[in-house]
Amino acid sequence: MKPNYFAVIFSNFLIDQKDPAYQKFSNQMQDEIQTTPGFLGMETYRELTGKGVTISYWESKKAIQQWKENAEHLLEQQYGKSHAYSRFELKICRVERAYEFKATDKN
């Protein structure tokens, strides 16, 4: 991805990592977000402590707002607030510079 896109960083703490309703919602959202206009990609991590971080990448703030207002996503947000998360934090950032390193084969 060329720089000048947006990253949404969602840090959270699950109350119960084995909650079947949360797992269902999470899987549905991962499928739903793939077809959302302006969505560029996503990384997600979960520690054994229940702390999780999901970083999603977007073309614009407008695309982020449209995802926030998605009907299915609104249902998940409500479930997260009332049942799944003990706390969470969301940050929206502009990515102005990005680079990566890949090790080469050293035969």
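Guide: Here is a walk along strand β1 and on to the largest pocket. This is a predicted model, where local features need pLDDT of at least 70 and side-chain atom pairs count only at pLDDT 80 or more, while totals for chains, interfaces and linings use all residues. Residues are numbered from 1 along each chain as its sequence is written, and side-chain values use heavy atoms, with hydrogens and water left out.

Strand β1 covers residues 5–14, and eight of its 10 residues are buried, so the rest of the structure largely encloses it. Buried means under 20% relative accessible area with a 1.4 Å probe, protein chains only; strands are DSSP runs of E with at least two residues, and helices are runs of H or I with at least four, numbered from the N terminus.

β1 has pairing partners, where a pair needs at least two DSSP bridges. With β4 (residues 85–95) it runs antiparallel over 10 bridges, and Asn12 faces Phe88 there. With β3 (residues 51–58) the sense is also antiparallel, over eight bridges, and Ala7 stands opposite Tyr57.

Now to the largest pocket, whose volume is about 890 Å³. A pocket is an open set of points on a 1 Å grid over the protein atoms alone, where a 1.4 Å probe fits, with protein on both sides within 12 Å along at least five of seven lines; lining residues have an atom within 4 Å of a point. The volume is the space filled by probe spheres set on the points, which are joined across faces, edges and corners. Of its 31 lining residues, Phe10, Thr54, His73, Glu76 and Tyr85 are the closest to the centre. β1, β3 and β4 are among the elements that give two or more residues to this lining, but α1 gives the most, with six.

Notes. Buried < 20%, exposed > 50% of the residue type's maximum accessible area, 1.4 Å probe, protein only.
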